[in-house]
Amino acid sequence: MVPAAATAASLNCALFHRQGGLNRATRGLQWTKKQQCTRKPGPAIITAKFELKPPPYPLNALEPHMSKDTLEYHWGKHHRAYVDNLNKQIVGTELDSMPLEDVVIVTYNKGDMLPAFNNAAQAWNHEFFWGCMKPGGGGKPSGELLQLIERDFGSFEKFVEEFKSAAATQFGSGWAWLVYKANRLDVENAVNPRPLEEDKKLVVVKSSNAVNPLVWDYSPLLTIDVWEHAYYLDFQNRRPDYISTFMEKLVSWEAASARLEVAKAQAAEREKEEQRKRDEAEDIQGSEAVEMYVDGETEDSGAD
Amino acid sequence: QTFSLPDLPYDYGALEPAISGEIMQLHHQKHHQTYITNYNKALEQLNDAIEKGDSAAVVKLQSAIKFNGGGHVNHSIFWKNLAPVREGGGELPHGSLGWAIDADFGSLEKLIQLMNAEGVALQGSGWVWLALDKELKKLVVETTANQDPLVTKGPTLVPLLGIDVWEHAYYLQYKNVRPDYLKNIWKVMNWKYASEVYAKECPSS
(Lines give C-alpha, C1' and ligand atoms only; values in the text may rest on other atoms or scores of the structure.)
Protein backbone atom coordinates (compact mmCIF):
# COMPACT_ATOMS: atom_id res chain seq x y z
CA MET A 1 0.00 0.00 0.00
CA VAL A 2 1.30 3.46 -0.72
CA PRO A 3 0.76 6.05 1.98
CA ALA A 4 -0.85 9.18 0.64
CA ALA A 5 1.49 12.04 1.43
CA ALA A 6 -0.37 14.41 3.70
CA THR A 7 0.44 17.92 2.58
CA ALA A 8 -0.03 20.79 4.94
CA ALA A 9 -3.22 21.79 3.15
CA SER A 10 -4.85 18.43 3.41
CA LEU A 11 -3.60 18.08 6.95
CA ASN A 12 -5.54 21.19 7.79
CA CYS A 13 -8.63 19.89 6.00
CA ALA A 14 -8.44 16.56 7.79
CA LEU A 15 -8.25 18.24 11.15
CA PHE A 16 -10.88 20.85 10.34
CA HIS A 17 -13.56 18.27 10.05
CA ARG A 18 -12.53 16.22 13.00
CA GLN A 19 -12.96 18.98 15.46
CA GLY A 20 -13.47 22.67 15.02
CA GLY A 21 -10.53 23.72 12.96
CA LEU A 22 -6.85 23.69 13.63
CA ASN A 23 -5.08 26.97 14.07
CA ARG A 24 -3.22 27.58 10.81
CA ALA A 25 -0.22 28.62 12.85
CA THR A 26 0.49 24.96 13.52
CA ARG A 27 0.96 24.27 9.81
CA GLY A 28 4.69 24.47 10.31
CA LEU A 29 4.51 21.96 13.16
CA GLN A 30 6.19 24.46 15.40
CA TRP A 31 4.82 23.06 18.60
CA THR A 32 6.92 23.84 21.58
CA LYS A 33 6.60 23.38 25.26
CA LYS A 34 4.71 26.33 26.68
CA GLN A 35 6.99 28.61 28.60
CA GLN A 36 4.49 28.81 31.41
CA CYS A 37 2.01 26.26 32.63
CA THR A 38 -1.27 27.84 33.61
CA ARG A 39 -2.18 26.51 36.98
CA LYS A 40 -5.62 26.34 38.50
CA PRO A 41 -5.88 27.25 42.16
CA GLY A 42 -5.66 24.30 44.50
CA PRO A 43 -3.24 21.36 44.73
CA ALA A 44 -0.72 21.81 41.93
CA ILE A 45 -1.10 18.47 40.15
CA ILE A 46 -0.68 18.98 36.46
CA THR A 47 -1.80 16.15 34.24
CA ALA A 48 -2.64 16.07 30.60
CA LYS A 49 -6.15 15.19 29.83
CA PHE A 50 -6.36 11.85 28.03
CA GLU A 51 -8.21 9.20 29.96
CA LEU A 52 -8.07 5.44 29.85
CA LYS A 53 -11.66 4.56 29.03
CA PRO A 54 -12.82 1.02 29.81
CA PRO A 55 -13.90 -1.28 26.99
CA PRO A 56 -17.66 -1.17 26.27
CA TYR A 57 -18.13 -4.52 28.09
CA PRO A 58 -16.78 -6.15 31.28
CA LEU A 59 -13.27 -7.60 31.08
CA ASN A 60 -14.59 -11.16 31.20
CA ALA A 61 -17.35 -10.62 28.65
CA LEU A 62 -15.37 -11.92 25.67
CA GLU A 63 -14.63 -15.29 27.26
CA PRO A 64 -13.87 -17.96 26.18
CA HIS A 65 -12.66 -16.38 22.93
CA MET A 66 -10.54 -13.69 24.58
CA SER A 67 -9.79 -14.34 28.23
CA LYS A 68 -10.31 -11.99 31.16
CA ASP A 69 -6.59 -12.36 31.85
CA THR A 70 -5.80 -11.02 28.40
CA LEU A 71 -8.11 -8.03 28.84
CA GLU A 72 -6.67 -7.32 32.28
CA TYR A 73 -3.16 -7.14 30.90
CA HIS A 74 -3.89 -5.78 27.45
CA TRP A 75 -6.24 -3.03 28.62
CA GLY A 76 -5.16 -2.71 32.25
CA LYS A 77 -1.40 -2.64 31.63
CA HIS A 78 -0.49 -2.04 27.99
CA HIS A 79 -3.25 0.40 27.03
CA ARG A 80 -3.05 2.15 30.40
CA ALA A 81 0.70 2.65 29.98
CA TYR A 82 0.27 4.20 26.54
CA VAL A 83 -2.25 6.71 27.93
CA ASP A 84 -0.24 7.52 31.08
CA ASN A 85 3.01 7.92 29.16
CA LEU A 86 1.36 10.01 26.47
CA ASN A 87 0.00 12.37 29.11
CA LYS A 88 3.45 12.71 30.66
CA GLN A 89 4.97 13.49 27.27
CA ILE A 90 2.49 16.17 26.22
CA VAL A 91 1.61 17.93 29.45
CA GLY A 92 2.31 21.63 29.12
CA THR A 93 2.65 21.50 25.34
CA GLU A 94 0.26 22.50 22.56
CA LEU A 95 -0.54 18.83 21.97
CA ASP A 96 -2.24 18.80 25.35
CA SER A 97 -5.20 20.80 24.04
CA MET A 98 -5.86 18.69 20.94
CA PRO A 99 -8.16 15.74 20.36
CA LEU A 100 -6.30 12.44 20.27
CA GLU A 101 -6.71 11.95 16.51
CA ASP A 102 -5.03 15.29 15.90
CA VAL A 103 -2.14 14.41 18.21
CA VAL A 104 -1.66 11.20 16.21
CA ILE A 105 -1.51 13.03 12.88
CA VAL A 106 0.67 15.90 14.10
CA THR A 107 3.18 13.61 15.81
CA TYR A 108 3.28 11.26 12.81
CA ASN A 109 4.85 14.24 11.13
CA LYS A 110 4.61 12.75 7.63
CA GLY A 111 6.64 9.71 8.67
CA ASP A 112 9.36 11.52 10.61
CA MET A 113 7.69 10.61 13.87
CA LEU A 114 7.92 12.83 16.91
CA PRO A 115 8.51 11.13 20.28
CA ALA A 116 4.88 11.17 21.39
CA PHE A 117 3.64 9.37 18.26
CA ASN A 118 4.07 5.84 19.57
CA ASN A 119 2.02 6.45 22.70
CA ALA A 120 -0.58 8.63 20.99
CA ALA A 121 -1.20 6.21 18.15
CA GLN A 122 -1.27 3.16 20.42
CA ALA A 123 -3.70 4.93 22.76
CA TRP A 124 -5.97 5.62 19.80
CA ASN A 125 -5.53 2.15 18.30
CA HIS A 126 -6.45 0.32 21.46
CA GLU A 127 -9.52 2.41 22.21
CA PHE A 128 -10.64 1.74 18.64
CA PHE A 129 -9.84 -1.98 18.96
CA TRP A 130 -12.03 -2.55 22.05
CA GLY A 131 -14.92 -0.98 20.13
CA CYS A 132 -14.38 -3.40 17.24
CA MET A 133 -15.34 -6.35 19.42
CA LYS A 134 -18.42 -7.34 21.38
CA PRO A 135 -19.69 -10.32 23.35
CA GLY A 136 -21.48 -12.62 20.92
CA GLY A 137 -19.75 -10.99 17.97
CA GLY A 138 -18.97 -12.50 14.61
CA GLY A 139 -21.39 -13.30 11.82
CA LYS A 140 -21.79 -11.11 8.78
CA PRO A 141 -22.33 -7.40 8.24
CA SER A 142 -25.55 -6.16 6.69
CA GLY A 143 -26.92 -3.16 4.83
CA GLU A 144 -24.61 -0.76 3.12
CA LEU A 145 -21.44 -2.14 4.67
CA LEU A 146 -22.18 -5.58 3.25
CA GLN A 147 -23.01 -4.01 -0.09
CA LEU A 148 -19.72 -2.16 -0.27
CA ILE A 149 -17.78 -5.24 0.89
CA GLU A 150 -19.35 -7.30 -1.87
CA ARG A 151 -18.70 -4.53 -4.39
CA ASP A 152 -15.04 -3.99 -3.47
CA PHE A 153 -13.94 -7.54 -2.58
CA GLY A 154 -16.26 -9.66 -4.72
CA SER A 155 -17.85 -11.39 -1.76
CA PHE A 156 -17.84 -11.35 2.03
CA GLU A 157 -15.83 -14.58 2.03
CA LYS A 158 -13.15 -13.04 -0.19
CA PHE A 159 -12.96 -10.03 2.13
CA VAL A 160 -12.51 -12.31 5.15
CA GLU A 161 -9.74 -14.17 3.35
CA GLU A 162 -7.91 -10.95 2.50
CA PHE A 163 -8.33 -9.51 5.99
CA LYS A 164 -7.12 -12.70 7.66
CA SER A 165 -4.17 -12.91 5.30
CA ALA A 166 -3.15 -9.33 6.03
CA ALA A 167 -3.37 -9.99 9.77
CA ALA A 168 -1.37 -13.22 9.47
CA THR A 169 1.37 -11.76 7.28
CA GLN A 170 1.97 -8.52 9.17
CA PHE A 171 5.48 -9.40 10.27
CA GLY A 172 6.46 -8.40 13.77
CA SER A 173 4.10 -6.13 15.66
CA GLY A 174 1.23 -4.27 14.04
CA TRP A 175 -2.40 -4.16 12.97
CA ALA A 176 -4.65 -5.15 10.10
CA TRP A 177 -7.48 -2.81 9.04
CA LEU A 178 -10.60 -2.49 6.97
CA VAL A 179 -10.72 1.15 5.90
CA TYR A 180 -12.93 3.47 3.90
CA LYS A 181 -10.82 5.29 1.36
CA ALA A 182 -12.39 8.52 0.17
CA ASN A 183 -9.79 8.66 -2.59
CA ARG A 184 -9.09 12.34 -2.54
CA LEU A 185 -6.25 13.65 -4.65
CA ASP A 186 -3.68 14.98 -2.24
CA VAL A 187 -1.76 17.21 -4.61
CA GLU A 188 -1.98 20.88 -3.82
CA ASN A 189 -2.82 22.26 -7.23
CA ALA A 190 -4.85 19.37 -8.58
CA VAL A 191 -8.30 18.47 -7.40
CA ASN A 192 -10.51 15.64 -8.47
CA PRO A 193 -13.16 17.70 -10.22
CA ARG A 194 -15.84 15.06 -10.04
CA PRO A 195 -15.44 12.93 -6.95
CA LEU A 196 -17.65 9.95 -7.62
CA GLU A 197 -19.28 7.74 -5.03
CA GLU A 198 -17.99 4.77 -6.99
CA ASP A 199 -14.37 5.91 -6.60
CA LYS A 200 -14.58 5.63 -2.86
CA LYS A 201 -13.52 2.18 -1.82
CA LEU A 202 -13.20 -0.22 1.05
CA VAL A 203 -9.65 -1.48 1.34
CA VAL A 204 -7.73 -3.88 3.59
CA VAL A 205 -4.40 -2.51 4.80
CA LYS A 206 -1.84 -3.54 7.39
CA SER A 207 0.47 -1.37 9.45
CA SER A 208 3.47 -1.97 11.66
CA ASN A 209 3.95 -1.14 15.32
CA ALA A 210 1.85 1.93 16.18
CA VAL A 211 1.09 3.21 12.70
CA ASN A 212 -2.60 3.48 11.78
CA PRO A 213 -4.47 4.48 8.62
CA LEU A 214 -5.43 7.91 9.99
CA VAL A 215 -1.98 9.02 8.94
CA TRP A 216 -2.74 8.00 5.36
CA ASP A 217 -6.01 9.93 5.47
CA TYR A 218 -8.15 6.77 5.43
CA SER A 219 -11.15 6.19 7.70
CA PRO A 220 -10.70 3.01 9.75
CA LEU A 221 -13.79 0.81 10.05
CA LEU A 222 -12.34 -2.30 11.71
CA THR A 223 -9.03 -3.43 13.17
CA ILE A 224 -7.34 -6.43 14.73
CA ASP A 225 -4.30 -6.05 16.99
CA VAL A 226 -1.59 -8.54 15.97
CA TRP A 227 1.07 -7.52 18.47
CA GLU A 228 1.94 -10.76 20.29
CA HIS A 229 0.65 -9.34 23.59
CA ALA A 230 -2.84 -9.33 22.05
CA TYR A 231 -3.01 -13.11 21.72
CA TYR A 232 -0.08 -14.80 23.41
CA LEU A 233 -1.78 -15.73 26.71
CA ASP A 234 -4.72 -17.31 24.87
CA PHE A 235 -3.16 -18.62 21.67
CA GLN A 236 0.64 -18.54 22.15
CA ASN A 237 2.24 -18.68 18.71
CA ARG A 238 -1.01 -19.61 16.94
CA ARG A 239 -1.82 -16.24 15.44
CA PRO A 240 -4.02 -17.68 12.64
CA ASP A 241 -6.28 -19.30 15.27
CA TYR A 242 -6.58 -15.97 17.08
CA ILE A 243 -7.49 -14.23 13.84
CA SER A 244 -10.16 -16.82 13.00
CA THR A 245 -11.63 -16.57 16.48
CA PHE A 246 -11.72 -12.79 16.17
CA MET A 247 -13.65 -12.97 12.89
CA GLU A 248 -16.02 -15.74 13.95
CA LYS A 249 -16.75 -14.82 17.56
CA LEU A 250 -15.69 -11.28 18.39
CA VAL A 251 -16.01 -8.75 15.59
CA SER A 252 -18.77 -6.16 15.97
CA TRP A 253 -20.26 -5.42 12.57
CA GLU A 254 -22.60 -2.85 14.12
CA ALA A 255 -19.63 -0.79 15.20
CA ALA A 256 -18.08 -1.07 11.73
CA SER A 257 -21.33 0.03 10.06
CA ALA A 258 -21.61 3.00 12.39
CA ARG A 259 -18.08 4.04 11.47
CA LEU A 260 -18.87 3.72 7.79
CA GLU A 261 -21.74 6.20 8.18
CA VAL A 262 -19.44 8.66 9.93
CA ALA A 263 -16.72 8.20 7.32
CA LYS A 264 -19.11 8.85 4.44
CA ALA A 265 -20.53 11.94 6.13
CA GLN A 266 -17.02 13.28 6.73
CA ALA A 267 -16.03 12.69 3.12
CA ALA A 268 -19.15 14.51 1.89
CA GLU A 269 -18.47 17.43 4.27
CA ARG A 270 -14.93 17.76 3.00
CA GLU A 271 -15.98 17.77 -0.61
CA LYS A 272 -18.52 20.50 0.05
CA GLU A 273 -15.87 22.51 1.85
CA GLU A 274 -13.36 22.09 -0.96
CA GLN A 275 -15.93 23.06 -3.56
CA ARG A 276 -16.82 26.14 -1.54
CA LYS A 277 -13.15 27.16 -1.41
CA ARG A 278 -12.71 26.62 -5.14
CA ASP A 279 -15.78 28.76 -5.81
CA GLU A 280 -14.40 31.47 -3.56
CA ALA A 281 -11.03 31.41 -5.31
CA GLU A 282 -12.67 31.66 -8.71
CA ASP A 283 -14.71 34.66 -7.62
CA ILE A 284 -11.60 36.48 -6.47
CA GLN A 285 -9.74 35.65 -9.67
CA GLY A 286 -12.60 36.90 -11.85
CA SER A 287 -12.52 40.32 -10.21
CA GLU A 288 -8.80 40.95 -10.69
CA ALA A 289 -7.63 43.01 -13.66
CA VAL A 290 -5.57 40.94 -16.01
CA GLU A 291 -2.19 42.40 -16.94
CA MET A 292 -1.33 42.27 -20.57
CA TYR A 293 1.94 43.10 -22.29
CA VAL A 294 1.62 44.65 -25.71
CA ASP A 295 4.56 45.10 -28.14
CA GLY A 296 6.12 48.57 -28.15
CA GLU A 297 5.01 49.44 -24.67
CA THR A 298 7.80 47.78 -22.72
CA GLU A 299 9.63 50.10 -20.36
CA ASP A 300 13.10 48.69 -20.81
CA SER A 301 14.14 49.10 -24.39
CA GLY A 302 17.46 47.56 -25.14
CA ALA A 303 20.63 49.60 -25.37
CA ASP A 304 20.48 51.80 -28.39
CA GLN B 1 20.13 -27.02 0.88
CA THR B 2 17.38 -27.18 3.48
CA PHE B 3 17.86 -25.99 7.01
CA SER B 4 16.74 -27.75 10.16
CA LEU B 5 16.13 -26.85 13.76
CA PRO B 6 19.39 -26.97 15.77
CA ASP B 7 19.17 -28.80 19.07
CA LEU B 8 19.08 -26.75 22.21
CA PRO B 9 22.35 -27.30 24.13
CA TYR B 10 20.33 -27.76 27.38
CA ASP B 11 16.91 -28.88 28.60
CA TYR B 12 13.92 -26.58 28.19
CA GLY B 13 13.69 -26.08 31.95
CA ALA B 14 17.42 -25.58 32.51
CA LEU B 15 17.28 -21.77 32.39
CA GLU B 16 14.68 -21.46 35.13
CA PRO B 17 13.82 -19.32 36.97
CA ALA B 18 15.21 -16.67 34.63
CA ILE B 19 13.35 -18.03 31.62
CA SER B 20 10.57 -20.59 32.06
CA GLY B 21 10.64 -24.03 30.45
CA GLU B 22 7.26 -23.29 28.87
CA ILE B 23 8.69 -20.30 27.04
CA MET B 24 11.85 -22.12 25.98
CA GLN B 25 9.85 -24.98 24.49
CA LEU B 26 7.44 -22.76 22.57
CA HIS B 27 10.24 -20.46 21.50
CA HIS B 28 12.38 -23.29 20.17
CA GLN B 29 9.83 -25.84 18.88
CA LYS B 30 7.26 -23.42 17.50
CA HIS B 31 8.71 -20.00 16.72
CA HIS B 32 12.20 -20.99 15.58
CA GLN B 33 10.88 -24.05 13.74
CA THR B 34 8.33 -21.91 11.89
CA TYR B 35 11.04 -19.51 10.74
CA ILE B 36 13.04 -22.46 9.42
CA THR B 37 10.05 -24.02 7.66
CA ASN B 38 9.15 -20.76 5.98
CA TYR B 39 12.79 -19.98 5.18
CA ASN B 40 13.16 -23.31 3.39
CA LYS B 41 9.95 -22.67 1.49
CA ALA B 42 11.06 -19.20 0.45
CA LEU B 43 14.45 -20.48 -0.69
CA GLU B 44 12.78 -23.16 -2.80
CA GLN B 45 10.55 -20.55 -4.41
CA LEU B 46 13.60 -18.32 -4.93
CA ASN B 47 15.52 -21.05 -6.74
CA ASP B 48 12.50 -21.62 -8.92
CA ALA B 49 12.19 -17.94 -9.74
CA ILE B 50 15.91 -17.63 -10.51
CA GLU B 51 15.79 -20.60 -12.85
CA LYS B 52 12.81 -19.16 -14.65
CA GLY B 53 14.41 -15.73 -14.79
CA ASP B 54 11.35 -14.27 -13.05
CA SER B 55 12.85 -11.11 -11.63
CA ALA B 56 9.60 -9.81 -10.20
CA ALA B 57 9.21 -13.00 -8.19
CA VAL B 58 12.87 -12.89 -7.09
CA VAL B 59 12.37 -9.40 -5.70
CA LYS B 60 9.03 -10.22 -4.14
CA LEU B 61 10.55 -13.08 -2.16
CA GLN B 62 13.21 -10.90 -0.52
CA SER B 63 11.06 -9.88 2.44
CA ALA B 64 10.07 -13.47 3.23
CA ILE B 65 13.74 -14.46 3.11
CA LYS B 66 14.72 -11.57 5.34
CA PHE B 67 11.97 -12.30 7.89
CA ASN B 68 12.37 -16.03 8.07
CA GLY B 69 16.08 -16.38 7.29
CA GLY B 70 16.78 -13.62 9.76
CA GLY B 71 14.65 -15.41 12.35
CA HIS B 72 16.69 -18.57 11.82
CA VAL B 73 20.04 -16.76 12.00
CA ASN B 74 19.12 -14.79 15.10
CA HIS B 75 17.62 -17.63 17.11
CA SER B 76 20.50 -19.96 16.28
CA ILE B 77 22.82 -17.45 17.93
CA PHE B 78 20.40 -16.84 20.81
CA TRP B 79 20.36 -20.46 22.03
CA LYS B 80 24.15 -20.36 22.27
CA ASN B 81 24.02 -17.02 24.10
CA LEU B 82 22.23 -18.67 27.01
CA ALA B 83 23.44 -21.35 29.40
CA PRO B 84 22.22 -22.95 32.61
CA VAL B 85 23.84 -21.53 35.73
CA ARG B 86 25.57 -24.83 36.45
CA GLU B 87 27.21 -24.66 33.04
CA GLY B 88 28.51 -21.16 33.48
CA GLY B 89 25.42 -19.11 32.69
CA GLY B 90 25.72 -15.71 34.30
CA GLU B 91 29.45 -16.06 34.99
CA LEU B 92 31.10 -12.74 34.29
CA PRO B 93 33.38 -12.34 31.32
CA HIS B 94 37.12 -12.52 31.98
CA GLY B 95 40.11 -12.11 29.78
CA SER B 96 40.19 -10.04 26.66
CA LEU B 97 36.41 -9.54 26.36
CA GLY B 98 36.21 -8.32 29.95
CA TRP B 99 38.95 -5.76 29.34
CA ALA B 100 37.36 -4.66 26.09
CA ILE B 101 34.04 -4.10 27.88
CA ASP B 102 35.74 -1.93 30.47
CA ALA B 103 37.60 -0.03 27.78
CA ASP B 104 34.58 0.59 25.55
CA PHE B 105 31.79 1.00 28.12
CA GLY B 106 33.53 1.82 31.40
CA SER B 107 32.30 -1.26 33.21
CA LEU B 108 30.17 -4.35 32.79
CA GLU B 109 27.40 -2.72 34.85
CA LYS B 110 27.32 0.20 32.45
CA LEU B 111 27.14 -2.12 29.44
CA ILE B 112 24.23 -4.05 30.98
CA GLN B 113 22.48 -0.80 31.85
CA LEU B 114 22.87 0.38 28.27
CA MET B 115 21.64 -2.84 26.69
CA ASN B 116 18.65 -2.99 29.03
CA ALA B 117 17.76 0.63 28.30
CA GLU B 118 17.93 -0.05 24.57
CA GLY B 119 15.87 -3.18 25.02
CA VAL B 120 13.14 -1.42 26.97
CA ALA B 121 13.01 1.47 24.50
CA LEU B 122 12.75 -0.75 21.44
CA GLN B 123 9.25 -0.25 20.06
CA GLY B 124 7.50 -3.29 18.69
CA SER B 125 9.62 -6.36 17.99
CA GLY B 126 13.37 -6.72 17.62
CA TRP B 127 16.73 -7.56 19.16
CA VAL B 128 19.41 -5.87 21.25
CA TRP B 129 23.00 -6.82 20.44
CA LEU B 130 26.44 -6.61 21.95
CA ALA B 131 28.52 -6.49 18.80
CA LEU B 132 32.14 -6.31 17.80
CA ASP B 133 32.93 -3.95 14.98
CA LYS B 134 35.75 -6.02 13.59
CA GLU B 135 37.09 -3.22 11.45
CA LEU B 136 37.30 -0.66 14.23
CA LYS B 137 38.07 -3.36 16.80
CA LYS B 138 35.47 -1.81 19.07
CA LEU B 139 32.50 -3.13 21.00
CA VAL B 140 29.15 -1.52 20.26
CA VAL B 141 25.54 -1.93 21.33
CA GLU B 142 23.05 -2.11 18.47
CA THR B 143 19.38 -2.86 17.97
CA THR B 144 17.64 -4.41 15.00
CA ALA B 145 13.94 -4.39 14.18
CA ASN B 146 11.84 -7.52 13.69
CA GLN B 147 14.16 -10.34 12.57
CA ASP B 148 16.73 -8.20 10.82
CA PRO B 149 20.12 -9.82 11.46
CA LEU B 150 22.84 -7.67 13.01
CA VAL B 151 24.70 -7.45 9.74
CA THR B 152 21.92 -5.22 8.38
CA LYS B 153 23.24 -2.52 10.71
CA GLY B 154 26.79 -2.82 9.34
CA PRO B 155 28.73 -5.40 7.37
CA THR B 156 31.63 -5.33 9.85
CA LEU B 157 29.47 -6.11 12.91
CA VAL B 158 29.92 -9.51 14.56
CA PRO B 159 27.25 -10.58 17.08
CA LEU B 160 28.62 -11.54 20.49
CA LEU B 161 25.34 -11.52 22.44
CA GLY B 162 21.78 -11.00 21.27
CA ILE B 163 18.69 -10.52 23.41
CA ASP B 164 15.35 -11.31 21.81
CA VAL B 165 12.81 -8.65 22.88
CA TRP B 166 9.92 -9.93 20.80
CA GLU B 167 7.02 -10.42 23.21
CA HIS B 168 7.03 -14.16 22.56
CA ALA B 169 10.44 -14.29 24.25
CA TYR B 170 9.04 -13.32 27.65
CA TYR B 171 5.30 -12.71 27.71
CA LEU B 172 4.02 -15.90 29.35
CA GLN B 173 6.32 -15.31 32.31
CA TYR B 174 6.89 -11.57 32.55
CA LYS B 175 3.76 -10.29 30.76
CA ASN B 176 4.16 -6.62 29.93
CA VAL B 177 7.12 -6.13 32.29
CA ARG B 178 9.93 -6.32 29.75
CA PRO B 179 12.40 -4.62 32.15
CA ASP B 180 12.17 -7.60 34.55
CA TYR B 181 12.93 -10.04 31.72
CA LEU B 182 15.96 -7.98 30.77
CA LYS B 183 17.14 -7.81 34.37
CA ASN B 184 16.93 -11.57 34.80
CA ILE B 185 18.29 -12.80 31.50
CA TRP B 186 21.81 -11.78 32.54
CA LYS B 187 21.69 -14.57 35.14
CA VAL B 188 21.83 -17.10 32.32
CA MET B 189 23.97 -15.19 29.87
CA ASN B 190 26.65 -17.35 28.31
CA TRP B 191 29.66 -15.04 28.43
CA LYS B 192 31.94 -17.98 27.56
CA TYR B 193 30.46 -18.12 24.09
CA ALA B 194 30.77 -14.36 23.63
CA SER B 195 34.39 -14.48 24.81
CA GLU B 196 35.20 -17.26 22.35
CA VAL B 197 33.75 -15.34 19.42
CA TYR B 198 35.55 -12.19 20.52
CA ALA B 199 38.89 -13.95 20.96
CA LYS B 200 38.62 -15.46 17.49
CA GLU B 201 38.04 -12.05 15.88
CA CYS B 202 40.54 -10.23 18.08
CA PRO B 203 43.34 -12.65 18.96
CA SER B 204 45.35 -11.29 21.88
CA SER B 205 48.60 -9.83 20.74
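This is a predicted model: local features need pLDDT of at least 70, side-chain atom pairs count only at pLDDT 80 or more; totals for chains, interfaces and linings use all residues.
Visitor: Hi! What should I know about the ground rules?
Guide: Local features need pLDDT of at least 70 and side-chain atom pairs count only at pLDDT 80 or more, while totals for chains, interfaces and linings use all residues. Residues are numbered from 1 along each chain as its sequence is written, chains are lettered from A and ligands numbered from 1 in the order in which they are written, and side-chain values use heavy atoms, with hydrogens and water left out.

Visitor: Is strand β3 of chain A mostly covered or mostly open?
Guide: Mostly covered: 7 of the 7 residues in β3(A), residues 219-225, are buried. Buried means under 20% relative accessible area (1.4 Å probe, protein chains only), and strands are DSSP runs of E, at least two residues, numbered from the N terminus.

Visitor: How many bridges join β1(A) to β3(A)?
Guide: There are 6, and the two strands run antiparallel; pairing takes at least two DSSP bridges.

Visitor: And which residue is the bridge partner of A176(A)?
Guide: That is I224(A), in β3(A).

Visitor: Switching to chain B, how many helices and strands are there?
Guide: Chain B has 8 helices and 3 strands, helices being DSSP runs of H or I with at least four residues. The order from the N terminus is α-α-α-α-α-β-β-β-α-α-α.

Visitor: What share of chain B is buried?
Guide: Buried residues make up 53% of its 205 residues.

How values were computed
Buried means under 20% relative accessible area, exposed over 50%, partly exposed in between (1.4 Å probe, protein chains only).
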